[in-house]
Amino acid sequence: MALTKKKLPIGIEDFEKLRLNDFYYVDKTGMIRDLLNDWSEVSLFTRPRRFGKSLNMSMLRYFFEIGDHKALFDGLEISKETALCDKYMGKFPVISVSLKGINAPSFRIAFDMAVDTINTEARRFQYLLDSNLLTEEEKNKFRRMLHDDMEEKTLYSSLKILSELLEKHHKSKVVILIDEYDVPLAKAHENGYYDEMIFLIRNLFEQALKTNTSLQFSVLTGCMRISRESIFTGLNNVSVLSVADVEFNDFFGFTDREVKNLLEYYGLSIHYDEVKEWYDGYLFGNTEVYCPWDVICHAKKLRADSEAQPENYWINTSGNDAVRRFIRESDNNGSTKREIEKLLAGETITKEIHLELTYRDMYTSIENIWSVLFTTGYLTQRGRPDGNRFALVIPNREIHSIFATQIMDLFRENVRKDGERVNRFCEALKKGDARGVEEQFGAYLRRTISIRDTFVRKERKESFFHGILLGILGVKDSWIVSSNAESGNGYSDILIEIEEEELGIILEVKYAENGDFETACLEALNQIEDMRYDEKLLDEGIEKILKYGIACYKKRCRVVLTDSVYSE
């Protein structure tokens, strides 16, 4: 009888829930050892979204928090550190808040959400109201934290006051954990109340982290490293550990060995190469890691369907605004457009990266957007940086597809704006003017960012040019355009029916290896004939059919037309 496998933890961010309910866990408890062996009063870890930040914060809470949570760590790496466990496990009151839910259209609503966040955490400590060690005045301060109509000054001082009360009651200093500290700032910037939110976060953090004698230490996480001038003014005790730093580099994301172990456990080792191609490639410090969210999601899909194809799981967890803005900003910037093409071809681009930014500055220049793409995981480093100059690459197939999607979206928008060029292309196409089709299609290729990858199969290279053609033809509402339609003995690239003119058009696209257009065009035309792609059009009663072989290489193309075919 086969043993039941552990459940895959899709979206599980609570360490206790994960450990008590038989979920698969990739052991990251070594982070606790490293944190205690070399801890700072305030440590800020910045990593892209979906790299395990929240789960690690939950792990820290259950390790340090007063109570008996030892069983949660049985058999894990930290349990081998008996001296550290005896000294630190279960010894501290822990304040743990996540700011990721503060996403509001106005500052008033955001303020209320921040109040609710503090209310929720304070309610975990209502035993303070019965404490014999607190004065009535101190208990009244605590009661004010439980009110839905909390005043501003109470909110600003809430974490500091709460830690003071907890220290007095437990006679132990306090650990403060703040997860996704920068989310409220991102949402405030998007919705026009950035200054008010900066003021709120700065006051909250300065009182809790700078002038708080009850603090043992604090850990913060986020995606972006917000400049000290914005919210850490005067806070000199912050140790920032970003994707560029080697410390703690393998505690966020899955290492290659961890992915191999996971796939082997579920009997999925045969899929290792595709998982690596799609979800590996991030370099944090000097360690290459996979995006854990993607690995877990794809493993779950594979367990249900062994033939499931890799897909983009990451794109659905965010709006990918950084890539969208970057592509649009580059539309009129020839040098940046060329740099994006190099990235898409698997090459590296060296750029000066600013690890500290304000949200107000993030999109003020193309150069700043490079930094945003790096810190948020759309680009990663190769090798060691030279000062603040980094060799950047697209990490994997998944992120490549995000860039490609945004590029094609912009291309389709631009096509719709230029109706005159579309008409010239389509008129040439239906008149059998191969030279005109070549001229107009070539103009489109020269204007758009070329999505190519020198390391992929020929069929994938062809898909970009196929997509450009569909983007142009999609504007012609009266034309029936079919992509990869079954016809004859196979699937043609593009079939077009123009009913009012009783005209059919077949387009077959080939990638011209090394610029050999003649061979590629001939291959395309022979495939149309050999596979009888005209059969579907003939069955529809189309009497005139134009057959085009289109060969493409980088930003050039060649278009050849066979003799028109008339059905009897």
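Two strands are taken to pair if DSSP finds at least two bridges between them. In this predicted model, strand β1 (residues 42-46) meets that condition with β4, to which five bridges join it in a parallel arrangement. The secondary structure of the protein comprises 22 helices and 16 strands. Of its 568 residues, 55% are buried, and the C-alpha trace spans about 100 × 60 × 45 Å along its principal axes.

**Strand β4 and its partners**

- Strand β4 (residues 215-222) is largely enclosed by the rest of the structure, because eight of its eight residues are buried.
- In the pairing of β1 with β4, which run parallel, F45 stands opposite T221 of β4.
- Strand β3 (residues 174-179) is also joined to β4 by five bridges, and these two strands run parallel.
- The bridge partner of L177 in β4 is V219.

**Helix α8**

- Helix α8 (residues 183-191) has buried residues, among them V183, P184 and L185.
- A186 and A188 of α8 are buried as well.
- G192 follows α8 and has a positive phi, near 85°.

**Salt bridges**

- The count of salt bridges comes to 39.
- E277 and R397 form a salt bridge in which the closest N and O atoms are 3.7 Å apart.
- This pair links distant parts of the chain, with E277 in helix α12 (residues 272-279) and R397 in helix α17 (residues 397-417), 120 residues apart.
- E277 counts as partly exposed at 35% relative accessibility, whereas R397 is buried, with a relative accessible area of 13%.
- A salt bridge also joins the side chains of K351 and E339, at 3.0 Å from N to O.
- Because K351 lies in strand β8 (residues 349-352) and E339 in helix α15 (residues 334-344), the pair ties together parts that are twelve residues apart in sequence.
- Both K351 and E339 are buried.
- D418 and R447 meet through their side chains in a salt bridge of 3.4 Å, N to O.
- Here D418 is in the loop between α17 and α18 (419-431) and R447 in helix α19 (residues 434-447), so placed that the pair links distant parts of the chain, 29 residues apart.
- D418 is partly exposed at 22% relative accessibility, and R447 is partly exposed with a relative accessible area of 42%.
- A network of salt bridges links D256, K260, K276, D280 and E288.

**Negative surface patch**

- D116, D148, D149 and E151 form a negative surface patch.
- E151 is placed in the loop between α6 (136-145) and α7 (152-170).
- The relative accessible area of E151 is 47%, which means that this residue is partly exposed.

Technical notes
Residues numbered from 1 in each chain as written. Predicted model: local features only at pLDDT ≥ 70, side-chain atom pairs only at ≥ 80, totals over all residues. Heavy atoms only, no water. Patch = residues over 30% accessible without salt bridge, like charges linked within 9 Å, V, L, I, M, F, W, Y side chains within 5 Å. Areas by Shrake-Rupley, 256 points an atom, 1.4 Å probe, with all protein chains shown as cover. Salt bridge = Lys/Arg side-chain N within 4 Å of Asp/Glu carboxyl O. Lys, Arg positive; Asp, Glu negative; His and termini not counted. Charge placed at Lys NZ, Arg CZ, Asp CG, Glu CD. Helix = DSSP H or I, 4+ residues; strand = E, 2+ residues; numbered from the N terminus. Buried < 20%, exposed > 50% of the residue type's maximum accessible area, 1.4 Å probe, protein only.
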